Amino acid sequence: NKMDLIATIENLMSSDNKKRSLAEGLISTLAEEDFYNYLNNMCLILTGESYSLSSRQMASTLIKNPITHIPQYKEKWSEFSTDKKEGLKQLILSALGSENQVIRNSAGSVIASIAKVECPLSEKWPSLLPVLCQEKFDNISFQLAAIETLGYICEELSRKEILPSEVDQILSAFVLAIKNNVGSNEEVVVL
């Protein structure tokens, strides 16, 4: 049940050691029992505008950390079918359209972390760069989040992990953002 899961996530941030320890155990058990369902639920919380900001931020951490830092989960991620991975990726990408900038930033960080284990992007996440590097966006907030996400990806990936064509796409998106003065009224885009 989502409300129990939200309560568990909130208990991860509790100053009460007993509550926090119990929550950590529950989260570990959920991930161990069904990692795909665990990730799907965390993605739904991340994208759920009605959930608290702190729960949504914690959900982003609970998506990112196992995939990038825990070998058994990194392996489970790599064993998911393309369809399963694509569904999770699309959910996370949709969070770039969140009303909340903090969530857009969190989603960008998650996307960059997943990009690190999905190289080369053109093979393992072919839809990512076309979404982030569009010439026209309907939503300025999404465009700013996309540019920021590209920055996170550049921080995460080494030159060896990114194909020359991918570098060209990313640089073109940055140049276009600068040329169009994206962020001049809302926030500064730092490259």
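Leaving aside neighbours within four places in sequence, Pro120 is in contact (heavy atoms within 4.5 Å) with Trp125, Glu161, Leu163 and Glu166. Pro120 is placed in the loop between α7 and α8; helices here are DSSP runs of H or I of at least four residues, strands are runs of E of at least two, and both are numbered from the N terminus. Pro120 and Glu161 are 41 residues apart along the chain, yet their C-alpha atoms are separated by 6.5 Å.

The model is predicted, so local features need pLDDT of at least 70 and side-chain atom pairs count only at pLDDT 80 or more, whereas totals for chains, interfaces and linings use all residues. Residues are numbered from 1 along each chain as its sequence is written, and side-chain values use heavy atoms, with hydrogens and water left out. The predictor's confidence in each residue is given by pLDDT, on a scale from 0 to 100. The protein chain has a mean pLDDT of 91, with 94% of its residues at 70 or more. The pLDDT is below 50 over residues 187-191, a stretch that has ten contacts in the model beyond near neighbours in sequence.

Helix α7 (residues 101-117) comprises 17 residues. The distance from its first C-alpha to its last is 25 Å, close to the 24 Å expected at 1.5 Å a residue; the expected span is 1.5 Å times one less than the number of residues. The N-terminal end of α7 is capped by Asn100, a side-chain oxygen of which lies 2.7 Å from the backbone nitrogen of Val102. Buried residues of α7 include Ile103, Val110, Ile111, Ser113 and Ile114, where buried denotes under 20% relative accessible area, exposed over 50%, and partly exposed in between (1.4 Å probe, protein chains only).

Ser113 is also touched by Thr68, which touches Lys74 as well when residues up to four places away in sequence are not counted. Thr68 belongs to helix α4 (residues 53-69) and is buried at 15% relative accessibility. The side chains of Thr68 and His69 are joined by a polar contact of 3.4 Å. Such a contact is a pair of N or O atoms within 3.5 Å; within protein, one must be able to donate a hydrogen and the other to accept it, and residues adjacent in sequence count only if both atoms are side-chain atoms.

Four salt bridges are present in the structure, each defined as a side-chain nitrogen of Lys or Arg within 4 Å of a carboxyl oxygen of Asp or Glu. Glu118 pairs in this way with Lys89, their closest N and O atoms being 2.6 Å apart. Because Glu118 lies in the loop between α7 and α8 (121-124) and Lys89 in helix α6 (residues 82-94), the pair ties together parts that are 29 residues apart in sequence. Glu118 is buried at 2% relative accessibility, and Lys89 is buried at 2%. Lys85, Lys89 and Glu118 are linked in a network of salt bridges.

A further salt bridge joins Lys116 to Glu161, with the closest N and O atoms 3.4 Å apart. This pair links distant parts of the chain, 45 residues apart: Lys116 is in helix α7, and Glu161 is in the loop between α10 (140-156) and α11 (164-179). Lys116 is partly exposed, with a relative accessible area of 34%, and Glu161 is partly exposed at 22%. In the salt bridge between Arg56 and Glu49 (3.4 Å, N to O), Arg56 is buried at 3%, whereas Glu49 is partly exposed at 36%.

The structure also holds six aromatic pairs. Rings of Phe, Tyr and Trp (its six-membered ring) pair if their centres lie within 6.5 Å; planes under 30 degrees apart count as stacked, over 60 as edge-to-face and the rest as tilted. The rings of Phe35 and Phe80 are stacked, because their centres are 6.0 Å apart and their planes are at 25°. Phe35 lies in helix α3 and Phe80 in the loop between α5 (71-79) and α6, so the pair ties together parts that are 45 residues apart in sequence. Phe35 is buried, with a relative accessible area of 3%, and Phe80 is buried with 14%. The rings of Tyr36 and Phe80 form an edge-to-face pair, because their centres are 5.7 Å apart and their planes are at 90°. Tyr36 is partly exposed at 23% relative accessibility. Phe35, Tyr36 and Phe80 belong to one aromatic cluster together with Tyr38, Tyr73 and Trp77.
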